[in-house]
Amino acid sequence: MFTTLFTHAACLDHDTGLGHPECSDRLRAVLAALETEEFHMLERQEAPRATVEQLLRAHPQSHIDRVMSAIPATEHVGIDGDTVVSPGSGEAALRAAGAVVAAVDSVATGQSRNAFCAVRPPGHHAEREKPMGFCLFNNAAVGAFHARAAHGLQRVAVMDFDVHHGNGTQDIFQHDPDMLYCSTHQSPLYPGTGDAGEKGEYGNCVNAPLPAMAGSPEFRHAMTHIVLPAIDHFKPDLLIISAGFDAHSRDPMAGLHFIDDDFVWATRKLGELARTHCGARIVSVLEGGYNLRALASASAAHVRELMYC
């Protein structure tokens, strides 16, 4: 079994306009980094579209209709102050969510050991009924509920190391005792959620906020003493990683100071838990990361470690 890369060219057609940080060059940078010789063993698959049935497990029909009806025939439309859509955005969003669904299928059936979804738009800010923060559908949540519905993987943990708190995933998971959401993130910072006291209805939301200027020691301490024990106790049937790389020291969007090796270390530790509890089943999905060089190097480091998990 191999690590499988899921992506689709349609994700490049989500045009957010001149100067927007969540741009198609982000995905180009990641894919270019994964084209080097050391990644020749990556299995590569084209992401399918997510179906309405798959999206409905994480979002109501009204949310799906709102997103798809906002897609313009020409130019750009702002859903909110941050979230912009263009004619290619609907297809991109369906492929991004569909990539995680296909990745879940692949690892659940043993076709892949684990998978990385190089897609956009990202998803972790999309709440059950609200697109926001560059996100239209919550890709990780769609994949988590698909794992349960299609493969009987009842307990799914999502670990999110994006610099911004994944308010959307927390919103969707917080009342479900068999879904665990864990996050390290800078606080205070957009979207203003993710306090350590936000625990979900069943204690199934685990937040480890980090102050601005925190780096490797603080991140690894939070992972070692808060996040990893929570996942270990939860004993997931599947582990999904919301892999945002904007906590990197070179990223302009925030003030954490992670380095590539922090993402490698976190991936290794999560891989150890996945081997213990869920047959090494990991699906990772790209979230943030806005310095192209840092995004390329950190995502490559993450995927390289996945290949050894």
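Biologist: Which residues of helix 7 are buried?

Modeller: This is a predicted model. In helix 7, the buried residues are S216, F219, A222, M223, V227, L228, A230, I231 and F234. They pack against helix 8 (260-277) and against strands 6 (156-160), 7 (179-186), 8 (205-210) and 9 (238-243).

Biologist: What span does helix 7 reach, and where does helix 7 bend?

Modeller: Helix 7 comprises 19 residues, 216-234, and its first and last C-alpha atoms are 25 Å apart, close to the 27 Å expected at 1.5 Å a residue. The bend, of about 40 degrees, is at M223, which is also one of the buried residues. After helix 7 comes K235, with a positive phi near 55 degrees.

Biologist: In what order do the strands of the open sheet stand?

Modeller: The open sheet has 8 strands in the order 2-1-5-10-9-6-7-8, and their pairing is parallel. Strand 2 (43-46) and strand 8 are at the edges with a single partner strand each, so one side of each lacks a neighbour in the sheet. On average, neighbouring strands are turned by 15 degrees against each other, direction ignored.

Biologist: How many bridges join strand 1 to strand 2?

Modeller: Strand 1 (residues 2-7) is joined to strand 2 by 4 bridges, and the two run parallel. T4, for instance, has E43 in strand 2 as its bridge partner.

Biologist: Which strands does helix 7 lie across?

Modeller: Helix 7 lies across strands 6, 7, 8 and 9, and runs at about 175 degrees to strand 7.

Notes: Residues are numbered from 1 along each chain as its sequence is written. This is a predicted model: local features need pLDDT of at least 70, side-chain atom pairs count only at pLDDT 80 or more; totals for chains, interfaces and linings use all residues. Side-chain values use heavy atoms; hydrogens and water are left out. The expected span of a helix is 1.5 Å times one less than its number of residues. The bend at a residue is the angle between axes fitted to the seven residues ending there and the seven starting there. Buried means under 20% relative accessible area, exposed over 50%, partly exposed in between (1.4 Å probe, protein chains only). Contact means heavy atoms within 4.5 Å. Two strands pair if DSSP finds at least two bridges between them. Axes are lines fitted to C-alpha atoms, for helices over the stretch in contact, and angles run from 0 to 180 degrees between N-to-C directions.
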